Amino acid sequence: MARIIDAPLGAGGACDPHAMHGTWGALSAAAARGLAYTDEVRAKTDALYENVKHVVPAVEWPAYAPLVAAINDMKRAKNAIILAHNYMTSEIFWCVGDFRGDSLALAFKAAQTDAAIIVQAGVHFMAETSKILAPEKTVLIPDLRAGCSLAASITGADVRLIKQKFPGVPVITYVNTSADVKAESDVTCTSSNAAAVVEWAAREWRTNRVIFIPDEYLAKNVAAQTGIKIIAWHGRCEVHERFTAEDIAELRTSYPGIVVLAHPECPPEVMSAADFAGSTAALQLYVEEKHPAKVVLLTECSMSDNVAAAAPTVDFIRPCNLCPHMKRITLEGIYDALKEMKHEIVIPEAVRVRAKQAVDRMLALPKEKPRAFETGRQPVAVELV
Ligand code: SF4
């Protein structure tokens with residue numbers, strides 16, 4: 001079984017992905033909803049427990065199992081699916097998620113599903129993306145407070161001003177944005193395909209200069225990979241911006257032989273010092289294909305727990321950077337969302353149609369393996385607006 005070893009970095013405290021909720025929170029949440037750990041629940045959930053036993057002790061499983069069983073029953077009864085992002089806690093990701101992955105993989109599933117209801121186990125912009133692609137479905141987000149520092153950094157009005165300043169320059173927008181912002185964009189991208197989309201846009205618009213919003217660090221990292229000049233916004237992911245090159249040096253000293261994998265929302269100096277860099281999908285593939293003995297994923301900390309289920313021989317050194325927005329999504333929140341059909345995502349049709357054009361352009365590009373970012377590159381300057 002994979003080992004998870006906590007490594008609080010820098011000023012970080014002890015790590016517990018369940019800290020905002022907790023086992024006892026789940027226990028009382030189940031009891032408050034009249035759910036108990038019966039023999040029937042045990043029979044329905046024993047096989048699911050196998051996927052999370054490396055992070056949920058057996059003594060704690062009876063707290064989660066009643067909610068897991070009730071959610072799975074409700075999904076079948078209501079023709080609903082749950083799209084679970086890689087940063088969900090493991091009992092959500094492995095035990096109630098029907099489709100799992102990064103933003104790009106979940107967007108494809110939203111576009112393809114026959115289900116009547118989509119519950120987004122992720123943050124608000126992801127639920128909006130599902131609604132953009134599947135307007136006839138009911139899309140629910142279990143907690144309206146599940147936002148994102150990147151999505152909150154920019155508005156549609158900001159993008160209109162940027163376009164006025166740089167007329168004719170294509171606007172490439174990271175999916176971590178609101179529908180309003182996507183509606184003002186030419187094409188969207190994810191961290192799996194950011195470099196490929198930038199290269200495509202440069203070819204299509206016959207230019208060597210693009211607008212890439214809103215993540216400043218992702219923009220710089222893409223500029224270093226592609227050589228294309230980038231006009232960037234000053235948005236940051238509050239989770240990934242905290243990693244430093246000093247953290248990597250500290251990890252290499254404390255855990256000799258460790259393989260350091262970084263997400264491209266990290267600062268450029270972190271990308272330079274890592275052994276491998278890419279989207280959550282690329283990081284997962286790397287672990288599954290290379291089976292490093294000891295690895296650290298410089299990204300949201302639930303990711304290690306979720307990848308560990310499929311990599312039993314790997315030791316994961318888990319940094320302690322939680323995304324507080326992702327952790328708003330809990331089992332009882334999902335249960336309540338499905339039971340009470342809340343909180344439904346609504347997007348004005350005119351905005352949705354324009355946003356869909358930008359997302360569709362991305363989805364129409366040839367499907368390729370998540371592209372890795374070459375590490376060790378010198379940081380490249382971008383033009384910040
Ligand atoms: S991890 Fe960062 S980019 Fe992802 S939802 Fe949280 S704040 Fe947003």
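Colleague: There's an open sheet of four strands. What is the strand order, and is the pairing parallel or antiparallel?

Modeller: The order is β3-β2-β4-β5, and the pairing is parallel. Keep in mind that this is a predicted model.

Colleague: What holds strands together in a sheet anyway?

Modeller: Strands of a sheet pair through backbone hydrogen bonds.

Colleague: Back to ours. Which are the edge strands?

Modeller: β3, residues 99-101, and β5, residues 138-140. Each of these pairs on one side only.

Colleague: How many bridges join β4 to β5?

Modeller: Three. Strand β4 covers residues 117-121 and runs parallel to β5. I117 has T138 in β5 as its bridge partner.

Colleague: Which helix packs on the sheet?

Modeller: Helix α15, residues 331-340. The helix touches β2 (80-85), β4 and β5. Its direction makes about 160 degrees with that of β4.

Colleague: New topic, the whole protein. How many helices and strands are there?

Modeller: The protein has 16 helices and 14 strands.

Colleague: Why call it as compact as a globular protein of that length?

Modeller: Its radius of gyration is 21 Å. The globule rule gives 21 Å for 385 residues, so the protein is as compact as a globular one of that length.

Colleague: What box do the C-alpha atoms fill?

Modeller: Roughly 65 × 55 × 35 Å, along the principal axes.

Colleague: And what share of residues counts as buried?

Modeller: 52% of the 385 residues.

Colleague: Last one. Among contacts between residues at least 6 apart in sequence, what share joins residues at least 24 apart?

Modeller: That share is 71%.

Conventions
Residues are numbered from 1 along each chain as its sequence is written. This is a predicted model: local features need pLDDT of at least 70, side-chain atom pairs count only at pLDDT 80 or more; totals for chains, interfaces and linings use all residues. Helices (H or I, at least four residues) and strands (E, at least two) are DSSP runs, numbered from the N terminus. The radius of gyration is taken over C-alpha atoms; the globule rule is 2.2 Å times the number of residues to the power 0.38. A residue is buried if 20 or more other C-beta atoms lie within 10 Å of its own, exposed if 12 or fewer, and partly exposed in between; C-beta atoms are placed from the backbone. Two residues are in contact if their C-beta atoms, placed from the backbone, lie within 7 Å. Two strands pair if DSSP finds at least two bridges between them. Axes are lines fitted to C-alpha atoms, for helices over the stretch in contact, and angles run from 0 to 180 degrees between N-to-C directions.
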